[in-house]
Amino acid sequence: MIFRPVSTIKVGIDFASGPLDVGRLAIRDRIIYFEYERSFIERGLEISPLRLPLQPGLRRFDAALFDGLPGVFNDSLPDGWGRLLFDRALRVQGLTPAQASQLDRLTHVGASGMGALTYEPAIEADAGKDEIDLDRLAGQALDVLEGQADEVIGELLLLNASSAGARPKAMIGYNPETGAMTHGRSDLPEGFQPWLVKFPNAQDGKDAGAVEYVYALMARAAGIGMTETHLFPARRGAGFFATRRFDRIGERRLHAHTASGLLHADHRTPSLDYEDLIALTLRLTRDVRQAEKMFRLAVFNVLGHNRDDHAKNFTYLMDEAGNWSLAPAYDLTFSSGPGGEQTTMVKGEGKAPAGTHLLAVAKEAGLAAKDARAIIDQTREAFGQWPRLAREHGVTASSIRLIADRTGSAGR
């Protein structure tokens with residue numbers, strides 16, 4: 001990566017047949033401005049209807065949130081692991097992270113980020129190696145987290161694109177027929193699909209991948225929509241969790257926008273309630289079936305002690321016709337939130353949300369109480385599979401006991 005600061009960026013959106021001009025971002029005196037192209041306004045595609053509606057004229061945003069970047073474009077930027085990699089790459093070049101603006105960071109995303117948005121100019125990424133060795137990448141990721149291995153930053157940065165979250169990740173191309181893997185940021189060879197693989201961080205147990213994989217199996221049993229998942233074998237530990245990307249359908253790309261970006265809600269600070277997410281889902285999709293999907297997620301996260309359910313862990317997808325839907329679920333695993341509470345509250349309750357709180361949220365989603373109770377019962381039944389599935393997939397005995405205790409699945 002060769003860093004070249006920019007003052008303006010051309011924003012496009014590419015659903016498959018080439019980018020449409022969306023508008024331009026500019027920065028002056030560390031203030032970011034955005035203006036839509038008139039031709040894009042005339043198309044009527046609302047890429048961020050709540051905080052960046054289609055209107056002519058120059059816009060600027062509060063620098064206290066997303067460093068002044070509109071939420072829809074902030075969604076394109078990596079955080080956690082991806083930001084750490086970019087910052088380390090800057091330091092290798094003798095620069096400090098403060099010298100890179102949000103626009104400079106978007107040039108690294110280019111046309112390879114999550115969703116359909118594209119950014120020009122784009123930093124030319126180093127060419128990646130053809131073959132992927134997950135164990136090697138996992139080791140390199142740990143070395144980077146420990147402040148070592150600057151020589152591998154380029155490859156890890158190439159593999160990260162704009163994925164979010166603190167745990168190290170790699171965007172790969174995976175051929176389910178042959179088991180072959182390749183770098184996944186650019187066009188993939190025939191037979192390969194875009195997948196995302198997670199690696200454990202220094203705080204994770206060696207069974208973190210297996211825990212998330214079993215949670216994915218239980219989520220499907222609870223009626224939650226997810227893309228395909230896989231547990232790739234590892235030389236150490238139970239394996240690496242992987243999921244097929246939901247923003248790519250064959251050659252098609254879908255516009256992806258998180259609840260954080262849509263509502264301008266900082267995902268690092270608990271600020272949302274599931275009733276907010278239900279309302280957002282109905283506002284975007286106008287479909288009670290999509291609101292039911294959000295309710296199922298709320299139930300699963302509460303019963304499964306997934307308390308890191310922050311605003312970036314809920315994504316909406318828009319197709320080329322402007323139709324919105326709730327994205328397949330992701331980042332479903334056992335976790336603790338700030339202070340041990342749900343990051344997203346349930347009718348105002350974060351510390352100990354219960355069935356009464358969930359039923360109140362169900363009412364907001366337009367669900368009858370009997371249907372909501374059926375979803376809660378289905379989810380409890382799904383978590384009853386935890387001890388058996390966890391043993392089958394290599395989760396440690398201590399993790400099985402801990403999660404069984406927290407989810408109420410002990411002895412089932």
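Q: What share of the contacts in the protein with a separation of 6 or more comes from residues 24 or more positions apart?
A: In this predicted model, such residues account for 67% of those contacts. A contact here means heavy atoms within 4.5 Å.

Q: What makes Ile32, Phe34 and Tyr36 one group along strand E3?
A: These side chains point to one face and are buried, that is, under 20% relative accessible area.

Q: Why are strands E2 and E3 said to pair?
A: Pairing requires at least two bridges; E2 (residues 20–28) and E3 have six, in the antiparallel sense, so the term applies. Arg24 stands opposite Glu35 in E3. The two strands form a hairpin with two residues between them, and Asp29 in the turn has a positive phi of about 50°.

Q: Why do E3 and E4 also count as a pair?
A: E3 and E4 (residues 59–60) have two antiparallel bridges, and at least two are needed, so they qualify. In E4, Arg59 is the bridge partner of Phe34.

Q: How much of the protein counts as buried?
A: Of the 412 residues, 55% do.

Note on methods:
Residues numbered from 1 in each chain as written. Predicted model: local features only at pLDDT ≥ 70, side-chain atom pairs only at ≥ 80, totals over all residues. Heavy atoms only, no water. Buried < 20%, exposed > 50% of the residue type's maximum accessible area, 1.4 Å probe, protein only. Helix = DSSP H or I, 4+ residues; strand = E, 2+ residues; numbered from the N terminus.
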